[in-house]
Amino acid sequence: MDETTAQHLQELRRGTVVLACLVTLERPGYGYALLESLADAGFAVDANTLYPLLRRLERQGLLESEWNTDDARPRKFYRTSPTGRELAALLRRDWDALHTAITDLIEGESS
């Protein structure tokens, strides 16, 4: 893959990672498990991108968190807040509309 293609793919993913996180974290999870869930779904995200994003979404009130100290190694669990669920619903509607528009363009139905 050439550098230009890689940059465009990165831009496309960057624009969707917030939605992917909000949707996935409707079920509580911690950062590393989220990385694995996203990767398993075919949505690879670098840890150096994900962890700052999780902190930003938490500051914005889109995620809630709590520490689980039951295990030997404490883990911070995140879950989508009510405000985050509202945003995820809006982003999903927009995603669906964009997907439809792109599909129409590909199929030549938009004239």
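## Salt bridges in the model

A salt bridge is a side-chain nitrogen of Lys or Arg within 4 Å of a carboxyl oxygen of Asp or Glu. By that rule, a search of the whole structure finds three salt bridges.

This is a predicted model: local features need pLDDT of at least 70, side-chain atom pairs count only at pLDDT 80 or more, and totals for chains, interfaces and linings use all residues. Residues are numbered from 1 along each chain as its sequence is written, and side-chain values use heavy atoms, with hydrogens and water left out.

## Arginine 92 and glutamate 26

These side chains form a salt bridge at 3.5 Å, N to O. Arginine 92 sits in helix α5 (residues 82-107) and glutamate 26 in the loop between α2 (17-24) and β1 (29-30), so the bridge ties together parts 66 residues apart in sequence. Helices (H or I, at least four residues) and strands (E, at least two) are DSSP runs, numbered from the N terminus.

Arginine 92 is partly exposed, at 36% relative accessible area. Glutamate 26 is also partly exposed, at 37%. The cut-offs: buried is under 20% relative accessible area, exposed is over 50%, and partly exposed is in between (1.4 Å probe, protein chains only).

Lysine 76 meets glutamate 58 at 3.1 Å, N to O. Lysine 76 is in strand β3 (residues 75-80) and glutamate 58 in helix α4 (residues 47-59), 18 residues apart. Lysine 76 is partly exposed at 22%, and glutamate 58 at 23%.

Arginine 79 bridges to glutamate 66 at 2.9 Å, N to O. Arginine 79 lies in strand β3 and glutamate 66 in strand β2 (residues 63-68), so this pair joins parts 13 residues apart in sequence. Arginine 79 is partly exposed at 27%; glutamate 66 is partly exposed at 45%.
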